[in-house]
Amino acid sequence: MTDETAIRIAVVGSGPAGFYAAGHLLKDSSSNVEVDMIERLPTPWGLVRSGVAPDHPKIKSVSRVYEKTAAHPRFRFFGNLHLGDHVSREDLLGHYHAIVYATGSSVDRPLGIPGEELPGSHAATEFVGWYNGHPDHTDLEVDLLSAERAVVIGNGNVALDVARMLMLTASELAPTDTADHALEVLARSNVREVIIAGRRGPAQAAFTNPELRELGELSDADVLVDYSRRRPAGRRRQLRLRFLLSPVELIAGEQGRVGAIAMVHNDLVPGPDGTLRAQPTDEHETIAAGLVFRAIGYRGVPLPGVPFDERRGVIPNEAGRVTDPDSGAVLPGEYVVGWIKRGPPA
């Protein structure tokens, strides 16, 4: 790794996009390409480590592919290295022939409604990071003792993961790799009902069929859907799927924490492009709840000194080549891959 004639490439970020980029660079190039991966956390794998539900070990096993790349003789990993603190963009441009930004989309999209900042209102990204042991979220305080009902806003796989984790029993959680601090809290949870609320209808839900089927395998929770033919089995907990609902306000209850969520009922109307969109009606509903989790998508965060599109939450680029946000000109030697390039799935 000391060949002075080598083409040296820095990959910033060690999630799936970063490792796939590194793997292709090493596999599809001549022997004089070297890759250094820079990660702000001490450990690699990104969302595979901290974003996949701990009861999904098969999905996490994809890291074995990344381990092969990490073992490559022309690959080096530098963890616990912060871009902007320990090394700058200018440092990297001065020491590498190219930089590949692969930092993903690490924060949640806010709801943008009154009361969102109340205690008991959490981003799904924080909660997922908390039960996966992500160092940014190990100190998160999730009150599962005083709340009996939780509402999860969103209709994607992350929303289903959050709801399922709240419904799993201690015996179901025990064999998973849930972080120890979260296991203890989840085992003592008093949450008896979780409502998953989506702004559009069931046909527009973004979750996958395997994730949906898993809800029906919960040992101590009935899954309730208005149009379902499946009869409740009388289990201790309930998980309700509701549609055509959008939150408009989180209402404070006792001790200033979330006590209820005000919702508006929606109708589906065709948009200009023909797709069905949720349109609020005059019908409103207030649901008592001590916990609210927002799971309506991710967005990227800017890197110090690196161009960033605040509106889209991505690094501006043209076919993966970073561009100047003012002129639109391609910046030589800088590339972007993954969610920080195109944004996460809708």
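In the predicted model, the side chain of N266 forms a polar contact with the side chain of S246, at 2.8 Å. N266 belongs to strand β12, which covers residues 258-270. Its relative accessibility is 5%, and because buried means under 20%, N266 counts as buried. Beyond the neighbours within four places in sequence, the contacts of N266 include S246 itself, together with L244 and L245. R199 is also in contact with N266, as are A278, Q279, P280 and T281.

L239 lies in strand β10, residues 237-242, and is buried, with a relative accessible area of 0%. When neighbours within four places in sequence are set aside, L239 contacts A163, M167, V194, I196, L215, L218, D222, V223 and L224. The C-alpha atoms of L239 and R149 are 9.8 Å apart, although 90 residues separate the two along the chain.

The largest nonpolar core contains 36 residues, of which F127, V194, L239 and F293 touch the most other members. At least two residues of this core are supplied by each of the helices α6 (124-131), α7 (157-167) and α9 (180-187), and likewise by each of the strands β7 (149-153), β8 (193-197), β9 (221-225), β10 and β14 (291-294). Helix α7 provides the largest share, seven residues.

For F293, again leaving aside neighbours within four places in sequence, the contacts are H122, F127, V142, A150, V151, V152, I153, V162 and L166. Another core, of 17 residues, lies apart from the largest one; V87, Y101, V322 and L331 are among its members.

How values were computed. Residues numbered from 1 in each chain as written. Predicted model: local features only at pLDDT ≥ 70, side-chain atom pairs only at ≥ 80, totals over all residues. Heavy atoms only, no water. Helix = DSSP H or I, 4+ residues; strand = E, 2+ residues; numbered from the N terminus. Buried < 20%, exposed > 50% of the residue type's maximum accessible area, 1.4 Å probe, protein only. Contact = heavy atoms within 4.5 Å. Core = buried A, V, L, I, M, F, W, Y, C linked by side-chain atoms within 4.5 Å. Polar contact = N/O pair within 3.5 Å; in protein donor to acceptor, adjacent residues only side chain to side chain.
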